[in-house]
Each structure stands twice: as structure tokens, then as C-alpha cells.
Amino acid sequence: MGAVVEGYRTRLRAGVAAEYLRVHSRIPEELHAALSACGLVRWRIWVDGETLFHVIETRGGRDRMVERMESRELVDPAWDAAIAALVDDADGSSSTLPPVWDSLLG
């Protein structure tokens, strides 16, 4: 199965962008290994103010990777708590971004 590339958008809580960048300057190795074992190929994040744009490349899709992660024991509860404190979890604060154009497809 080929890699699935998906766009995703999330929002930060007001005023925490600098802290989010600090926290994300290094991902815990155990977390990266678990994500990879659950299907992650590559994950890139861009920030624009309080909006984060993710490009997530997986084996099987982002939803499947999340299901696999959720079926495991927590890898790094402190990391999860730190991110949860920074990312807005209100309804509508995150969504899958539908593809519009891909230069490889023409």
C-alpha cells in the first residue's frame, strides 16, 4: 500500500504560539517511534498566527494511525498534557483539509 498524504488544520489557544514552538522543538523519541509503528511516514507542521497546518503522510491514512495510537498505552502522558494545554479543542477548531491541486498529478 502506498503512502496516504493528508492535510489537517488545528488551532492554538490564544497567546500560546511561542510556547507551542518551544515544546515542538523536539519530539520525544518514544512518541516518534510509536507514531512510526502506527503508520506515520512523515508529519510536517506550519504555523500562521494561531492556526497550524499539518501535512501528514501515513501508511493507511491519518484516521487509521490515530486508531492504532489510541489502542496503545499512553507513550508520554506529560507530552500529551502539554500539547492539550496549547491546542484549542473547541468544536470546529480542527478539520481535515480537502485536496485541491497536486503538482505531481497535474
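A residue is called buried when its relative accessible area is under 20%, exposed when the area is over 50%, and partly exposed in between (1.4 Å probe, protein chains only). The model shown is predicted, so local features are given only at pLDDT of at least 70 and side-chain atom pairs only at pLDDT 80 or more, while totals for chains, interfaces and linings use all residues. Residues are numbered from 1 along each chain as its sequence is written, and side-chain values use heavy atoms, without hydrogens and water.

**Figure 1. The whole protein chain.** Of the 106 residues in the protein chain, 27% are buried. The chain holds 4 helices and 4 strands, where helices (H or I, at least four residues) and strands (E, at least two) are DSSP runs numbered from the N terminus. Their order along the sequence is β-α-α-β-β-α-α-β. The C-alpha trace spans about 40 × 30 × 25 Å along its principal axes.

**Figure 2. Pairing of the strands.** Two strands pair if DSSP finds at least two bridges between them. Strand E1 (residues 3-11) runs antiparallel to strand E3 (residues 51-59), with 9 bridges joining them. In this pairing Arg9 stands opposite Phe53. E1 also pairs with strand E4 (residues 95-97), in the antiparallel sense and over 3 bridges. There, Tyr8 has Thr96 of E4 as its bridge partner.

**Figure 3. The hairpin of E2 and E3.** Strand E2 (residues 40-48) pairs with E3 over 8 bridges, again in the antiparallel sense. Arg44 has Val55 in E3 as its bridge partner. The hairpin has 2 residues between the strands, and Gly49 takes a positive phi near 65 degrees.

**Figure 4. Arg62 and the ring of Tyr8.** Arg62 lies in helix H3 (residues 62-70). With 17% relative accessibility, Arg62 counts as buried. Its charged end sits over the ring of Tyr8, 3.7 Å from the ring centre; the rule asks for NZ of Lys or CZ of Arg within 6 Å of the ring centre and within 35 degrees of the ring normal. Apart from neighbours within four places in sequence, Arg62 is in contact (heavy atoms within 4.5 Å) with Glu6, Tyr8 and Ile56.

**Figure 5. Arg72 between two helices.** Arg72 is in the loop between H3 and helix H4 (77-86). Its relative accessibility is 37%, so Arg72 counts as partly exposed. Leaving aside neighbours within four places in sequence, Arg72 is in contact with Ala34, Ala37 and Cys38. Leu40 is 32 residues from Arg72 along the chain, and their C-alpha atoms are separated by 15 Å.

**Figure 6. Ile27 in a loop.** Ile27 lies between helix H1 (17-23) and helix H2 (29-37). Ile27 is partly exposed, with a relative accessible area of 30%. Neighbours within four places in sequence aside, Ile27 is in contact with His32 and Trp79. From C-alpha to C-alpha, Ile27 and Ser71 are 20 Å apart in space, with 44 residues separating them in sequence.
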